[in-house]
Amino acid sequence: MNKIAQSVRLWFAPQRVREEGNTPDYRFSLANERTFLAWVRTALALIGGGFAVDQFLPDLAWGVRAGLALGLLAAGVLCALRAVNHWVRCERAMRRGEDLPVSRFPTLLSLVVAVVAVAMVVVVLFGWESG
Amino acid sequence: MTAAVRDPGLQPERTRLAWRRTTLSATVVALLAVRQALHSGATPGALVAVALSTLAWLGFLLVAHRRVVALGTARPPALAPRGALTAALCTVALAAFAAAMLF
């Protein structure tokens, strides 16, 4: 819990990232930034999927639709927040000359996407439509 | 700013295009949000939702624009954490509106 609080404090205190270590080659920082943007696009795609489930599947029962949409939206939010966190951690690791942080998040995200996809298949096969 | 110090890998340009792609994704999501809000007519609540979605989208555009301008030099400085956080929070805000409009 303390670690989470510490990294959240780091998000809001930008100058503290620059206080330690040496500034890495600007190309590494830019590559890190592009990775961050790729994750933000992933988050936006998940959120767009959440909107799309709600808007373009009006025949689904409300509970199924809301459940799928909320799952996608929650994944999008997690993805966006994690993008910032991972970016800060990578930036700090590069400044300190440490190894880049490893992460379980890609696996978790793929599992969530797989679960949503299976749920969609089940919904389509069994036709859980409202009345 | 001479051609000699310019990175042959075009990293600043690639990063600028990555920002462009990301703003396009954000635009699509914002449009979906507006479509969702106006689905049940232009009620006061719907207009508030449209305004908030537009605000989140504009926040994203502002961060992207400032960053794209900063990337116009040969050796651009690293992204400021505040910019990264603002972009992520605008994304989260759009998700929050989507969740709110489900009910």
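Housekeeping: I number residues from 1 along each chain as its sequence is written, and chains are lettered from A in the order in which they are written. Since the model is predicted, local features need pLDDT of at least 70 and side-chain atom pairs pLDDT 80 or more, while totals for chains, interfaces and linings use all residues.

**The interface.** I looked up the contacts (C-beta atoms, placed from the backbone, within 7 Å) and found 36 residues of chain B touching 36 residues of chain A. On chain B's side, the elements giving two or more residues are helix H1 (11-37) and helix H3 (81-102); helices here are DSSP runs of H or I, at least four residues, numbered from the N terminus. H1(B) gives the largest share, 16 residues.

**Helix pair.** Next I checked H3(A), residues 26-56, against H1(B): their axes come within 9 Å and cross at roughly 15°. That makes the two helices roughly parallel (angles under 35 degrees). Their contact holds 16 nonpolar, seven polar and eight charged residues.

**Annotations.** An unreviewed UniProt entry puts "transmembrane region" on residues 21-38, 44-63 and 84-102 of chain B; such annotations may be inferred rather than shown by experiment. Residues 44-63 of chain B are 100% helix, with end C-alpha atoms 29 Å apart. For residues 84-102 of chain B I get 100% helix and 28 Å.

Key: Two residues are in contact if their C-beta atoms, placed from the backbone, lie within 7 Å. Axes are lines fitted to C-alpha atoms, for helices over the stretch in contact, and angles run from 0 to 180 degrees between N-to-C directions. Angles under 35 degrees count as roughly parallel, over 145 as roughly antiparallel, 65 to 115 as roughly perpendicular and the rest as oblique. Ala, Val, Leu, Ile, Met, Phe, Trp, Tyr, Cys and Pro count as nonpolar, Asp, Glu, Lys and Arg as charged, and the others, Gly among them, as polar.
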